[in-house]
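Welcome, and please have the sequence and the structure at hand.

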Amino acid sequence: MGERFLRRTFETYQITDENRRAAAVAKRYAASFDGLLPKRGEPEPGRNGLFISGPPGTGKTHLAAAIANSLIAKGRPVICMTMIDLLERIKRTYSRGDTDEGSVLRIYKTVPLLVIDDIGKEPPTEWAISTVYNIINGRYEAYLPTIVTTNYDTDTLIARMTTKDTRDDTTARATIDRLMEMCRGIALTGESWRSR
């Protein structure tokens with residue numbers, strides 16, 4: 001987790017009328033996280049992730065990182081980074097001999113909580129789109145909690161995750177469809193904290 005993410009906690013989150021409900025949902029999510037993990041022989045955990053959307057600067061990343069930091073403080077393994085950084089970590093394996101793409105993907109697919117910040121900002125290449133699907137589908141099949149933040153609604157996100165060459169949005173639609181089944185939606189509104 002990057003330095004900026006490490007500083008985002010529930011204590012540093014400024015509550016407003018626009019974000020009060022989202023902050024309460026995020027706190028409950030962190031407090032009840034262990035009950036959201038899949039358990040053998042028990043019913044499916046249902047929507048055990050969060051899909052946090054809204055305009056830039058409204059506190060999406062802060063809430064997601066606050067959940068991650070709360071869980072890390074309790075000793076729970078969490079990966080929290082932007083989608084672009086997740087993909088970049090995989091690309092780095094091509095030039096390094098000490099780890100391979102499969103090992104990094106396996107970590108993304110099996111960590112108890114994966115927080116993906118700013119999905120939809122990654123360049124929509126065939127490789128990126130199929131890799132994002134691979135990660136999301138792996139977590140979907142394992143019923144593992146995933147938190148996603150984005151500036152886009154689902155239709156715009158599908159368009160952002162479709163290559164301009166082929167215009168085939170099948171993989172993008174499948175990815176978003178899985179996220180919608182996995183995650184409860186939280187919409188943030190209001191003016192950007194960065195411009196205040």
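Helix H3 is largely enclosed by the rest of the structure, because eleven of its 14 residues are buried. Please keep in mind that this is a predicted model.

**Helix H3**

The buried set in H3 consists of Lys60, His62, Leu63, Ala64, Ala65, Ala66, Ile67, Ala68, Asn69, Ser70 and Leu71.

With 1.5 Å for each residue, the 14 residues of H3 (residues 60-73) should span 20 Å, and the C-alpha atoms at its ends are 20 Å apart, so the two values agree. After H3 comes Gly75, which has a positive phi, near 85°.

**Strand S4**

Is S4 largely enclosed or open? Five of the five residues of S4 are buried, so the rest of the structure largely encloses this strand. In a regular strand the side chains alternate between the two faces of the sheet. In S4, Thr146, Val148 and Thr150 are buried on one side, and Ile147 and Thr149 are buried on the other, leaving both faces covered.

| Strand pair | Sense | Bridges | 
|---|---|---|
| S1 and S4 | parallel | four |
| S3 and S4 | parallel | three |

Within these pairings, Ser53 has Thr150 of S4 as its bridge partner, while Leu114 stands opposite Thr146 in S4. S3 and S4 also belong to a right-handed β-α-β unit, together with helix H6 (residues 126-142).

Thr150, found in strand S4, counts as buried because its relative accessibility is 0%. Which residues does Thr150 contact, leaving aside its neighbours within four places in sequence? They are Phe51, Ile52, Ser53, Gly54, Lys60, Ile119 and Leu157. Among them, Ser53 is also its bridge partner, and Lys60 is one of the buried residues of H3.

Arg21 sits in helix H2 and counts as exposed, because its relative accessibility is 53%. From Arg21 to Pro124 there are 103 residues in sequence and 33 Å in space, taken C-alpha to C-alpha.

Terms used: Residues are numbered from 1 along each chain as its sequence is written. This is a predicted model: local features need pLDDT of at least 70, side-chain atom pairs count only at pLDDT 80 or more; totals for chains, interfaces and linings use all residues. Side-chain values use heavy atoms; hydrogens and water are left out. Helices (H or I, at least four residues) and strands (E, at least two) are DSSP runs, numbered from the N terminus. The expected span of a helix is 1.5 Å times one less than its number of residues. Buried means under 20% relative accessible area, exposed over 50%, partly exposed in between (1.4 Å probe, protein chains only). Contact means heavy atoms within 4.5 Å. Two strands pair if DSSP finds at least two bridges between them. A crossover is right-handed if, with the strands pointing away from the viewer, the path from the first strand over the helix to the second runs clockwise.
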